[in-house]
Amino acid sequence: MHKRTIRIHHSPLYPPLFIIIPISMKQCHFCANKITAIDYKDAYLLRRFMNSLGKIYPPKKHNTCAKHQRELSSAIKRSRVMALIPFTTR
Ligand SMILES: [Zn+2]
């Protein structure tokens, strides 16, 4: 995991104090893997972006960008019509 250190003060009296701030490595799965078109036939991938009830997770959950979230939601809806993933489980 990436970490960023920040030096707090530069006083000669004290040893330098560093704080370690973890940088969140979360970013859009599709941007990171350079996936341009989301395949609606890839049910295994689409399942990761849905909860157990079949609802689509909000973009904040997986840090999906707005462009890919739009493509993802239409891919999930197409996949539901093709009966690859369920509309609801209850
Ligand atoms: Zn993206």
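1. Burial is defined here by C-beta counts: a residue is buried if 20 or more other C-beta atoms lie within 10 Å of its own, exposed if 12 or fewer, and partly exposed in between, with C-beta atoms placed from the backbone. By this criterion, 13% of the 90 residues in the protein chain are buried.

2. The structure is a predicted model, in which local features need pLDDT of at least 70 and side-chain atom pairs count only at pLDDT 80 or more, while totals for chains, interfaces and linings use all residues. Residue numbers start from 1 along each chain as its sequence is written. The pLDDT is the predictor's confidence in each residue, from 0 to 100. Its average over the protein chain is 84, and 73% of the residues score at least 70. Confidence is highest in helix H4 (residues 66-81), at a mean of 94, and lowest in strand S2 (residues 18-22), at 60.

3. Helices (H or I, at least four residues) and strands (E, at least two) are DSSP runs, numbered from the N terminus. Along the sequence their pattern is β-β-α-α-α-α. Two residues are taken to be in contact if their C-beta atoms, placed from the backbone, lie within 7 Å. Of the contacts between residues at least 6 apart in sequence, 53% join residues at least 24 apart.

4. The largest nonpolar core comprises eight residues, namely Phe 30, Ile 38, Tyr 40, Leu 46, Phe 49, Leu 72, Ala 75 and Ile 76. H4 supplies the largest share of this core, with three residues. Such a core is a set of buried Ala, Val, Leu, Ile, Met, Phe, Trp, Tyr and Cys residues joined through C-beta atoms within 7 Å. Leaving out residues up to four places away in sequence, Ala 75 touches Ile 38, Tyr 40 and Leu 46.

5. Tyr 40 lies in the loop between helix H1 (29-32) and helix H2 (43-47). Tyr 40 counts as buried because it has 21 C-beta neighbours inside 10 Å. Beyond its neighbours within four places in sequence, Tyr 40 is in contact with Ala 75, Arg 78, Ser 79 and Met 82. Tyr 40 and Leu 84, 44 residues apart in sequence, are 8.7 Å apart in space, C-alpha to C-alpha.

6. The geometry of H4 agrees with expectation: at 1.5 Å a residue its 16 residues should span 22 Å, and its end C-alpha atoms are 23 Å apart. The expected span is 1.5 Å times one less than the number of residues. The buried residues of H4 are His 68, Gln 69, Leu 72, Ala 75, Ile 76 and Ser 79. Seen down the axis of H4, these buried residues fall within an arc of 125°, so they line one face of the helix. The arc is that of the directions from the helix axis to the C-beta atoms. H1, H2 and helix H3 (59-62) are among the elements that cover the buried residues of H4. On the other side of H4, Ala 66, Lys 67, Ser 74 and Val 81 are exposed.

7. Most residues other than glycine have a negative phi. Lys 34, which is not a glycine, has a positive phi of about 55°; Lys 34 is located in the loop between H1 and H2. With 6 C-beta neighbours inside 10 Å, Lys 34 counts as exposed. Ala 83 also has a positive phi, near 60°, and is found in the segment after H4. Ala 83 counts as exposed because it has 9 C-beta neighbours inside 10 Å.
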